[in-house]
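Here is a quick tour for someone meeting this chain for the first time. Have a look at the picture below, then read on.

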Amino acid sequence: MSDYLWILFVVLYIVLAPFIGGMIAGIDRKITARMQGRYGPPLLQPFYDVLKLMQKENIVVNKHQKLYVLCSLIFIIVAGAIFFAGGDLLLSIFALALASIFLVIAAYSTYSPYAYLGAERELIQIMAYEPMVILTIVGMYIATGSFSVTDIGAYEGLLVLKLPAMFVGFVYILTIKIRKSPFDISMSHHAHQEIVRGLTTEFSGKELAYIEISHWYENVMLLGLVYLFFASNPILAVLVLVATYFLEILIDNVNSRLKWQSVLFSTWLVAFVLGIANIAVLGFLKYFL
């Protein structure tokens with residue numbers, strides 16, 4: 001990829017991702033409402049909410065939490081920029097993980113029992129989904145011979161045909177990453193959480209808006225990862241993206257939240273059964289056939 005082209009993709013991601021992510025959130029709310037027999041809020045309601053948060057008085061427990069939330073947003077943007085610039089996929093995932101850690105530290109810094117509990121559960125979620133994420137990246141490397149997003153995206157043929165179990169496993173842990181039931185154990189967008197708002201209990205105003213915008217950036221990047229499985233056929237890839245996100249909304253509305261033990265056990269089981277099995281098959285086909 002030429003220097004000017006990757007710069008263009010980075011700029012487009014930084015500028016357009018929050019708008020795309022906000023629209024996805026609005027569609028999400030609308031579909032969820034219809035599934036529950038409600039009319040639902042306007043499609044642009046997520047943007048109204050963020051603008052309202054930006055205008056609220058900024059109340060913080062201590063000065064450090066602002067820095068940690070801002071670092072979380074910055075590293076999510078960096079992770080997405082590396083991804084959409086066609087850079088190293090492994091480096092992008094590490095930057096994304098670092099963003100999650102900064103958010104956990106921000107919650108810990110408030111010394112709130114609810115935020116503390118949410119931070120503990122967020123760490124459990126990270127432990128739950130990271131093995132499957134790493135195995136997915138390793139599987140893509142074995143299948144294509146490169147960690148470069150550009151090379152993976154340029155792979156001839158549908159990558160999902162070589163990584164079918166890996167795709168299923170990634171979609172499974174995607175429920176955690178986009179914060180849907182039954183895996184929304186640390187921070188829920190719904191009112192049924194027994195730990196109030198968990199991770200974000202002590203955040204308000206601009207910090208809460210930054211967290212929401214971070215979530216929009218992250219969702220766009222995660223959908224980009226799903227796209228890589230079908231990159232050789234863009235039309236099919238877009239259809240799969242729509243179907244995948246609709247499936248996540250459906251799962252969110254028909255499942256109650258699990259205990260953290262069930263979240264950890266089920267995701268590790270999926271990672272080790274589907275992820276390792278798919279890598280083993282790839283290795284066999286590569287070295288023995």
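F265 counts as exposed, with 58% relative accessibility; here exposed means over 50% relative accessible area, buried means under 20%, and partly exposed is anything in between, with a 1.4 Å probe and only protein chains considered. You'll find F265 in helix α10, which covers residues 260-288. The C-alpha atom of F265 is separated by 7.9 Å from that of A128, although the two residues are 137 apart along the chain.

A word on the ground rules. This is a predicted model, where local features need pLDDT of at least 70 and side-chain atom pairs count only at pLDDT 80 or more, while totals for chains, interfaces and linings use all residues. Residues are numbered from 1 along each chain as its sequence is written, and side-chain values use heavy atoms, with hydrogens and water left out.

**The whole chain**

So what is the chain built from? There are ten helices and zero strands, where helices (H or I, at least four residues) and strands (E, at least two) are DSSP runs numbered from the N terminus. The radius of gyration is 19 Å, close to the 19 Å that the globule rule gives for 289 residues, so the chain is as compact as a globular protein of that length. That radius is taken over C-alpha atoms, and the globule rule is 2.2 Å times the number of residues to the power 0.38. Along the principal axes, the C-alpha atoms fill a box of roughly 60 × 45 × 40 Å.

Buried residues make up 51% of the 289 in the chain.

**Aromatic rings**

A pair of aromatic rings is described by the distance of the centres and the angle of the planes. Rings of Phe, Tyr and Trp (its six-membered ring) pair if their centres lie within 6.5 Å; planes under 30 degrees apart count as stacked, over 60 as edge-to-face and the rest as tilted. By this rule there are twelve aromatic pairs. Here are two of them.

| Pair | Centre to centre | Angle between planes | Type |
|---|---|---|---|
| F83 and F84 | 5.0 Å | 80 degrees | edge-to-face |
| Y172 and F183 | 5.4 Å | 65 degrees | edge-to-face |

Take F83 and F84: F83 is buried at 4% relative accessibility, whereas F84 is partly exposed at 27%. Both belong to a cluster in which ring pairs link Y13, F83, F84 and Y217.

Now for Y172 and F183. Y172 sits in helix α7 (residues 164-177) and F183 in the loop between α7 and α8 (205-228), so their pair ties together parts that are eleven residues apart in sequence. Y172 is partly exposed at 29% relative accessibility, while F183 is buried with a relative accessible area of 2%.

Most residues other than glycine have a negative phi, and most peptide bonds are trans. With that in mind, which peptide bond is cis, with omega near 10 degrees? That would be the bond from S181 to P182.

P182 is in the loop between α7 and α8 and is buried at 9% relative accessibility. Leaving aside neighbours within four places in sequence, P182 is in contact with T175, I251, N255, S256, R257, L258 and V263.

Phi of R179 is near 60 degrees, a positive value in a residue other than glycine. R179 is buried, with a relative accessible area of 11%.

Is S100 buried or exposed? At 9% relative accessibility, S100 counts as buried. S100 is found in helix α4, residues 89-108, and, setting aside neighbours within four places in sequence, is in contact with I126, Y129 and K177.

Notes: Contact = heavy atoms within 4.5 Å.
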